[in-house]
Structures are given as C-alpha cells and as structure tokens.
Amino acid sequence: MAQSAGAQLLMPGTLASTVAPDSNFDAAATSSSDTRQPITAKERIEWVAQSTVGPEGVAGELVGAGWGTLFNSPKAYGTHWQGFGDRLGMSVAGNAVSDTLEAGLGAAWGEDPRYFRDDGASFGHRLGHAAKMTFMAEDRNGNLMPAYARFVAIPGSNFLSNAWRAPGDDTASRATIRTGIGFLGRFGSNVFDEFWPDFKQKLFHRGAEQAHN
C-alpha cells in the first residue's frame, strides 16, 4: 500500500495540481547572495522528484531501510527481504508526502525549499549554515525566513503515514521519533549538498593529475 501511495504522489499530474505556480514572484527579484531567480512551479515539481527518487534521496532511503531491517525496527516488518521492501516503501511514500507538502504549501508565500551552498566560507561557518538552513529557507527575494512549510510537512507526513503503517509503527510516539529523524535527515542532506561538490572536484582533479603523470 505504501509503495502505491508513493507512486501516486509522484505522478506529474498530482504534483502539478499540488504545487501551485508562484504567481506573486517578482521576475526581477534576486537572491541576497547572488542572481538566483525565484523558484518556478516547474522547479518545485523537479525538486520534489529529485528529493524523493533522485540518487541522494534513494541512497538515504536504502540506508534507512537497511538499518531498520538489520536491527528489526520496527519489529512488525521483520528482518527478511519483504521487511526491507516494506520499510523502503514506507520511506519513499513518507518522503513523497513530505516533499510534496513542503513544495506545495511553500508556494503560497514564496518559500524556497532548495538548499543553497555557502561556498567560500570557512568549514565551521559552512557547517553552521547547513544546520541553520535545516530550519530556515529563502523567500522569493532571497531573504531568510523560518521554513514554515517544512515545519508542517515533516511532522504532518509522519503522522499521516500512520494510516498505512503496520500495527506498532502507527503510534504517535513513533511518528514523533520519525519527525526528529526527518529534520536530522534534512541536516545530513544539507551537509552533503554543501561539501560534496568540493570533495568531488578534488577527487577528480587528483585523479586527472595521476593520469597525467
């Protein structure tokens, strides 16, 4: 059931109807840090798809499902392949609901769900930036604001998912734990987005130097 729910949420028609165009966007407005344009409705849909079924999103979902299967948490799903599949389906469906809610609700007041790096700053400052942007977002003019849509989407999706979770995994306490993990996961995603481009550049640059020598 979870997998089918997640698939329905990821259908382009469903996302398009959920993520309304940001009709109040000022096309001339730019970010406070660069010349970024306000996010469009199409970019919101692309963000939902990338966050849910993109490489980074899928990697996190696989790790989470594997961890839960290894330690049999929650016990209702067991430690077999079916349990792994159930956990993975629940994770994909939950993330799809959360990301769709965040992108859709945020469109009403111009909240941008995307993460923007603080390239060029010190390591500590960039790590702090990743932590801060776990709870903050940019508005349509590039100014920082509390991530109100995220504050609704992460808890809301976790409590909503109780409707299709197995007994024992459908309690308020489990939903609260998943909410905390959801914000922790967002921080981890921000850290990856902040530092991975630098790591990748150095890795491939070193590889090119070795090949040249």
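Glutamate 43 and arginine 114 form a salt bridge, with their closest N and O atoms 3.8 Å apart. Glutamate 43 sits in helix H3, while arginine 114 sits in the loop between helix H5 (81-106) and helix H6 (123-132), so the pair ties together parts that are 71 residues apart in sequence. This is a predicted model.

## Other salt bridges

The count comes to 11 salt bridges. One of them joins arginine 126 to aspartate 198, with the closest N and O atoms 2.7 Å apart. This pair links distant parts of the chain. Arginine 126 belongs to helix H6, aspartate 198 to helix H8 (residues 172-212), and 72 residues separate them. Arginine 126 and aspartate 198 are both buried.

Arginine 174 and aspartate 169 meet through their side chains in another salt bridge, at 3.1 Å from N to O. Arginine 174 counts as partly exposed, with 22% relative accessibility. Aspartate 169 is buried, at 2%. The cut-off explains this: buried means under 20% relative accessible area, so 2% falls in that class.

Which residues do shared partners join into one network? They are Arg117, Asp119, Arg126, Glu194 and Asp198.

## Helix H3 against helix H4

Two packed helices are described by the angle between their axes and the distance between the axes. Helix H3 covers residues 41-53, and helix H4 covers residues 55-70. They pack at an angle of about 35°. Their axes are 4 Å apart.

Which residues meet? From H3 come Gln50, Ser51, Thr52 and Val53. From H4 come Pro55, Gly57, Val58 and Glu61. By class, this contact of H3 with H4 has three nonpolar, four polar and one charged residues.

## A nonpolar surface patch

Which helix gives the most to the patch? Helix H7 (residues 148-160) does, with three residues.

Phenylalanine 151 lies in helix H7. This residue is partly exposed, with a relative accessible area of 34%. Patch residues need over 30% relative accessible area, so phenylalanine 151 passes that cut-off at 34%.

Terms used
Residues are numbered from 1 along each chain as its sequence is written. This is a predicted model: local features need pLDDT of at least 70, side-chain atom pairs count only at pLDDT 80 or more; totals for chains, interfaces and linings use all residues. Side-chain values use heavy atoms; hydrogens and water are left out. Helices (H or I, at least four residues) and strands (E, at least two) are DSSP runs, numbered from the N terminus. Buried means under 20% relative accessible area, exposed over 50%, partly exposed in between (1.4 Å probe, protein chains only). Axes are lines fitted to C-alpha atoms, for helices over the stretch in contact, and angles run from 0 to 180 degrees between N-to-C directions. Contact means heavy atoms within 4.5 Å. Ala, Val, Leu, Ile, Met, Phe, Trp, Tyr, Cys and Pro count as nonpolar, Asp, Glu, Lys and Arg as charged, and the others, Gly among them, as polar. A salt bridge is a side-chain nitrogen of Lys or Arg within 4 Å of a carboxyl oxygen of Asp or Glu.
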